[in-house]
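Me: I should like to learn how to read several features of a protein model. Please give the general idea of each, and then the case at hand.

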Amino acid sequence: MASWTSPNDGMRQMSTAVEGSNERNYSPAGMQAGCLREIKSPPSLLCCQTTQKGDGLSDANECDSFRLNQTGRFRMMKMVERMFIILIIFGLFVVGKSEIYIITIEGEPVVSYRGGTDGFEATAVESDEKLDVTSDSVSSYSDHLELKHDTLLETLFDEGSYEKLYSYKHLINGFAVDISTEQAETLRRANGVKSVDKDWKVRKLTTHTPQFLGLPTGVWPTGGGFDRAGEDIVIGFVDSGIFPHHPSFANHNTEPYGPLPKYRGKCEVHSDTKKSFCNGKIVGAQHFAKAAIAARAFNPAVDYASPMDGDGHGSHTAAIAAGNNGIPVRMHGYEIGKASGMAPRARIAVYKALYRIFGGFVADVVAAIEQAVHDGVDILNLSVGPNSPGTARTTFLNPFDATLLSAVKAGVFVAQAAGNGGPFAKSLISYSPWIVSVAAAVDDRRYKNHLTLGNGKILAGIGLSPATSLNKKYTLVAATDVVLDSSVLKFSPTDCQRPEVLNKNMVKGNILLCGYSFNFVIGTASVKKVAETAKILGAIGFVLAVENVSPGTKFDPVPIGMPGILITDVSKSLELIDYYKASTVRDWTGRVKSFKATGTIGNGLEPILHKSAPIVAWFSARGPNIKDYSFRDADLLKPDILAPGSLIWASWSPNGTDEANYLGENFAMISGTSMAAPHISGIAALIKQKHPHWSPAAIKSALMTTSNTLDRAEKPILAEQYTESETITFVSATPFDYGSGHVNPRAALDPGLVFDAGYEDYLGFLCTTPGIDYHELLNYTHHPCNYTLGHPYNLNSPSITVSHLVRSQTITRTVTNVDEKETYTITSKMAPAITIETNPISMTIGPGASHKFTVTLTVRSLTESYSFGEVLLKGNRGHKVRIPVVAKGYKR
């Protein structure tokens with residue numbers, strides 16, 4: 001069974017959370033590279049800050065010994081992980097009597113049925129047209145399809161030998177069923193069955209970003225202000241649910257929401273309170289778990305058989321896109337700022353299909369998407385994706401992507417997180433041209449702090465915390481020097497997770513020194529717990545020192561209610577240790593006679609704003625895009641666009657148990673492309689509000705062609721990358737890092753020209769992509785092939801990618817004017833290995849009119865790497881329309 005995840009969230013291997021520093025229980029699944037719920041840093045092997053000896057400090061030999069022991073633990077865990085995975089796979093074949101399959105059968109789904117079956121009128125929608133599910137023809141035809149599903153199963157199998165979980169009728173024609181492998185083979189051979197796919201798992205992939213993106217001054221006023229931004233637009237979230245009582249989703253502090261006849265979603269009620277999950281702001285709330293239950297992965301104690309968010313991820317993404325404006329972010333008695341969604345007046349429709357520990361299953365996700373389109377959402381946000389393209393022969397053709405293609409045909413704009421497998425090439429998990437794949441950026445906000453020692457040295461660190469009292473120095477005491485007795489050493493007291501093993505009388509009124517141990521790496525220790533320990537013991541504050549860390553490890557600030565700091569620079573930690581060692585007076589046994597080391601902790605609550613933003617985050621998945629499980633390059637650029645996704649503040653579910661540092665909190669600051677996608681969903685809602693009749697492709701085009709490739713300092717955008725020594729560095733970003741560039745909401749509302757496309761265009765892209773099986777394509781689309789494009793790179797997308805350029809190729813694009821009459825001049829530039837020419841050099845286009853132009857690429861020299869360039873259309877009324885160009889030259 002292939003694994004899927006939340007592009008939220010990414011490389012959550014054995015290390016620190018990019019959103020909240022260090023957490024996460026160790027699990028074999030969490031060890032896999034790829035996208036995960038939130039971003040975790042690369043594995044690190046950390047030496048304890050202190051040993052269990054009386055001197056309270058670790059010498060080089062002891063640290064080396066510890067490091068070797070931890071390396072052994074790491075290798076042992078990797079071995080256990082592999083054995084665990086092998087046992088699971090073995091168990092699936094030996095123990096499991098049944099598995100979940102997604103079956104598609106002959107006959108078109110509602111969205112594309114053009115008639116032909118006696119007694120049933122056509123229900124197909126034209127490209128980008130909303131599906132009218134209230135019509136008698138749609139109701140009767142969908143009932144007809146479900147009857148066919150039931151009849152097929154009843155004819156082939158005995159009653160009780162299978163369990164049908166869902167009937168898919170609107171976007172694909174098929175069903176999900178729990179059957180044995182033998183029954184699956186019977187279905188595969190049955191007349192009328194098109195495809196049989198074993199279900200696979202999925203994983204779940206703000207106070208400042210509205211200001212960073214210029215929404216309050218440049219965008220919201222054009223739509224009537226923040227109290228009208230996104231009015232009557234419905235954003236659907238296929239995620240982990242929602243915490244409906246959060247102020248980001250309340251309706252009592254806003255002007256009452258009126259009825260929304262176009263939306264037909266349901267609202268489940270809370271099993272205990274019997275109250276609806278909906279309130280006017282939240283207009284729909286349903287959960288989908290039949291596949292999870294059938295797979296025996298669902299645990300109602302933590303997963304909740306309701307739309308309630310038991311994780312935090314769903315509440316976070318919903319608030320980023322559509323949370324109320326001006327909600328105070330309060331943590332530990334301090335106000336960090338005020339939060340707002342991108343479209344604070346938009347409505348929220350919840351389709352819970354992801355869960356805390358296991359993520360989710362495609363059968364549930366497809367059912368959720370079907371329901372969302374049926375209910376009439378305008379925008380669909382997906383912070384979810386596959387772990388690898390191995391789930392389908394073609395990345396663009398599987399039940400999930402085929403469902404999204406039909407959703408776009410029905411007029412729904414889809415934003416999907418690109419994945420968190422970066423900074424490595426070909427790490428994307430969002431492939432298809434009909435959706436927007438969103439990469440993650442670091443914005444301009446940084447949190448810093450410092451520790452001032454009694455000898456005058458200032459050590460930099462991170463810690464979103466208040467300062468100690470001004471002009472007063474506090475004594476530093478190391479945890480290993482205040483253990484109650486030797487019997488507690490087995491509890492690793494140096495990481496300050498257990499206050500009961502430390503002497504309160506010796507800690508009270510002082511600053512507690514703790515060591516960043518291996519427990520933080522595997523998630524059994526957290527910064528929040530250090531703060532709780534210090535508070536219980538009566539400490540003034542704490543210092544958490546990292547004495548050894550593997551290259552490339554990233555640490556992030558964690559909000560805490562008392563003075564605290566994490567010293568992440570190993571050299572600075574050693575300076576602290578040397579100072580502490582020299583200042584502490586001991587007797588001949590090593591016991592402390594008096595603590596003389598002192599220090600003060602600075603104020604880390606105020607962020608610092610940098611001009612070097614945006615920067616492509618290290619975890620954000622990179623191109624080139626791939627078209628099949630052999631990882632062959634596709635003639636399509638991905639990701640499409642870059643949006644803020646690092647250290648994003650937004651609402652959290654107090655029920656959420658996913659983040660150790662945010663247990664019981666109402667807000668969390670986390671990172672991932674899962675955070676970037678809802679930024680685009682919310683901005684798309686603002687565009688949809690202003691231009692209600694624009695197609696999903698037109699909205700996508702407006703976002704991409706107006707994006708920025710320069711940062712705040714007017715320099716080319718940089719990307720975080722690994723060096724050969726695996727340290728983080730900065731390199732010039734390319735379209736494989738950011739797509740067309742960083743989103744510019746104000747410009748996207750008024751793009752001048754759009755590159756439009758519809759269902760037939762996407763079929764043409766599929767039909768002309770080499771290697772795609774015609775019969776497989778017919779199974780999912782129910783349409784004969786359209787070869788008129790000639791080549792997949794002729795799809796009318798707002799980017800050009802030729803993965804195998806031989807000699808010279810001419811590419812065609814069509815632009816449509818969505819403003820007044822304007823004359824555009826066309827210029828282009830390209831890296832020297834490939835020449836680029838455009839024709840014509842200028843064109844005048846009237847309102848609503850379209851015009852073609854061509855781009856000719858010619859190989860000048862072979863470099864064994866991609867060349868990058870752009871085409872710029874500059875209008876005499878001020879519009880600038882830019883598309884990236886990517887090509888790789890070959891001899892033949």
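Reply: Let us begin with a helix, where helices (H or I, at least four residues) and strands (E, at least two) are DSSP runs, numbered from the N terminus. The expected span of a helix is 1.5 Å times one less than its number of residues. The 18 residues of helix H15 (residues 673-690) should therefore span 26 Å, and its end C-alpha atoms are 26 Å apart, which agrees. This is a predicted model, in which local features need pLDDT of at least 70 and side-chain atom pairs count only at pLDDT 80 or more, while totals for chains, interfaces and linings use all residues. Residues are numbered from 1 along each chain as its sequence is written, and side-chain values use heavy atoms, with hydrogens and water left out.

Me: Why is H15 described as largely enclosed by the rest of the structure?

Reply: Buried means under 20% relative accessible area, exposed over 50%, and partly exposed in between (1.4 Å probe, protein chains only). Of the 18 residues of H15, 16 are buried, so the helix is largely enclosed. His-691, in the loop between H15 and helix H16 (696-705), counts as buried because its relative accessibility is 17%.

Me: Which strands pair with E23?

Reply: Two strands pair if DSSP finds at least two bridges between them. Strand E22 (residues 474-478) pairs with E23 in the parallel sense over three bridges, with Leu-476 opposite Ile-511. Strand E24 (residues 541-545) also pairs with E23 in the parallel sense, over five bridges; there, Ala-545 is the bridge partner of Gly-515.

Me: Are the faces of E23 covered or exposed?

Reply: In a regular strand the side chains alternate between the two faces of the sheet. In E23, Ile-511, Leu-513 and Gly-515 on one side and Leu-512 and Cys-514 on the other are all buried, and both faces are covered. Five of the five residues of this strand (residues 511-515) are buried, so E23 is largely enclosed by the rest of the structure.

Me: How many disulfides are there?

Reply: A disulfide is a pair of cysteine sulfur atoms within 2.5 Å, and the count comes to three. One of them joins Cys-496 and Cys-514, with sulfur atoms 2.0 Å apart. This pair links distant parts of the chain, 18 residues apart: Cys-496 lies in the loop between E22 and helix H11 (504-507), and Cys-514 in strand E23. Both Cys-496 and Cys-514 are buried.

Me: What is the handedness of the link of Cys-496 and Cys-514?

Reply: With -95° about the S-S bond, the link of Cys-496 and Cys-514 is left-handed.
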